[in-house]
Amino acid sequence: MSFQKEMTILTEVSLITCMVPRGQGNVVVEAARGAGAQGASIHYGRGAGVRERLGLLSITVDAEKEVVQIMVSKQQEEEVFTEMFIAGKLDTPGMGIIYVTPLEKAATYIPPHVLEKIEQRRAKSHQKLNVAEVLSE
Amino acid sequence: MLNQDHCRPAKLIVCILGRGAAQSIVEQLFDENILLTETLVIRNQNALVAEEAWQEMDMLKVIVEPQFADHVFELIYNLSAIELEEGHYMYQHNVPWVTHFELPKLPKEGVPIKAIESGKVEVEGMTLEQLQTLRIRSKKG
């Protein structure tokens with residue numbers, strides 16, 4: 001199968017994944033958005049590991065988790081990561097975990113005005129532009 | 001210890017797309033050297049659409065051999081119309097090791113339950129060892 005359409009590929013992007021107790025996902029997403037993230041995806045999961053080691057105290061750790069995934073540019077990565085860490089209170093034992101996965105490439109819907117901006121800058125600078133950076137502006 | 005016969009590098013392609021759209025894409029990927037697919041239902045929020053709008057969407061995960069990854073990425077990109085739908089996105093990254101995932105070889109007409117339960121009845125095209133494996137799996141299940 002072959003296609004003739006032009007693809008707009010994002011490079012220099014990372015995926016931040018954060019696991020928090022159920023109900024905390026929105027708090028983390030709000031913090032990420034405040035730091036410039038464009039969107040987020042959440043799905044549910046069940047945590048294991050810490051609870052088993054806590055014995056009776058395991059009731060204090062919610063087994064049901066929310067897994068938050070946010071795609072950000074490399075430029076935004078550290079700031080969004082920090083804000084999510086703080087909002088999720090991830091320095092508290094048993095609250096969850098957050099990690100970054102470097103992405104090889106990504107693609108998303110890019111609004112026409114952003115595409116236009118990219119084209120204008122490309123014409124001016126004659127250089128390859130990082131689309132993810134333009135999107136995060 | 002696992003060696004390269006058991007494990008190999010791969011690429012993971014993840015696509016966030018409209019609710020119910022993942023199934024038809026999986027069907028069209030049937031002949032594309034896919035190692036594994038998985039579909040989740042997620043909720044997705046996108047700043048470009050509306051501030052507080054959460055949408056129920058599909059998350060399609062595809063594990064593919066590295067040499068086919070770019071082709072599969074492009075295929076999913078086009079099939080899912082990523083560039084046309086707000087809130088849709090996809091990405092690809094390396095997976096250092098994946099194991100082989102093979103289904104047991106079963107006859108087209110299926111295996112009689114009696115054969116699995118007893119582990120003795122001969123089934124055409126299956127060795128006794130394969131039958132025993134199925135028997136262990138059915139007990140675990």
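I began with the contact between the chains (heavy atoms within 4.5 Å): 31 residues of chain A and 33 residues of chain B take part. This is a predicted model, so I kept its limits in view: local features need pLDDT of at least 70, side-chain atom pairs count only at pLDDT 80 or more, and totals for chains, interfaces and linings use all residues. Residues are numbered from 1 along each chain as written, chains are lettered from A in the order written, and side-chain values use heavy atoms, without hydrogens or water.

Next I looked up the buried area (accessible area, 1.4 Å probe, lost on putting two parts together, summed over both). Between chain A and chain B it is about 3000 Å², with 52% from carbon and sulfur atoms.

Then I turned to salt bridges (a side-chain nitrogen of Lys or Arg within 4 Å of a carboxyl oxygen of Asp or Glu). I found three across the interface of chain A and chain B. Lys105(A) pairs with Asp70(B) in a salt bridge, their closest N and O atoms 2.9 Å apart.

Which element gives the largest share of the side of chain A that touches chain B? I noted strand 2 of chain A, with six residues (strands are DSSP E runs of at least two residues, numbered from the N terminus).

Last, I checked Met71(A). Beyond its neighbours within four places in sequence, Met71(A) is in contact with residues of both chains, among them Leu10(A), Leu103(A), Tyr89(B) and Tyr91(B).

Notes. Helix = DSSP H or I, 4+ residues; strand = E, 2+ residues; numbered from the N terminus.
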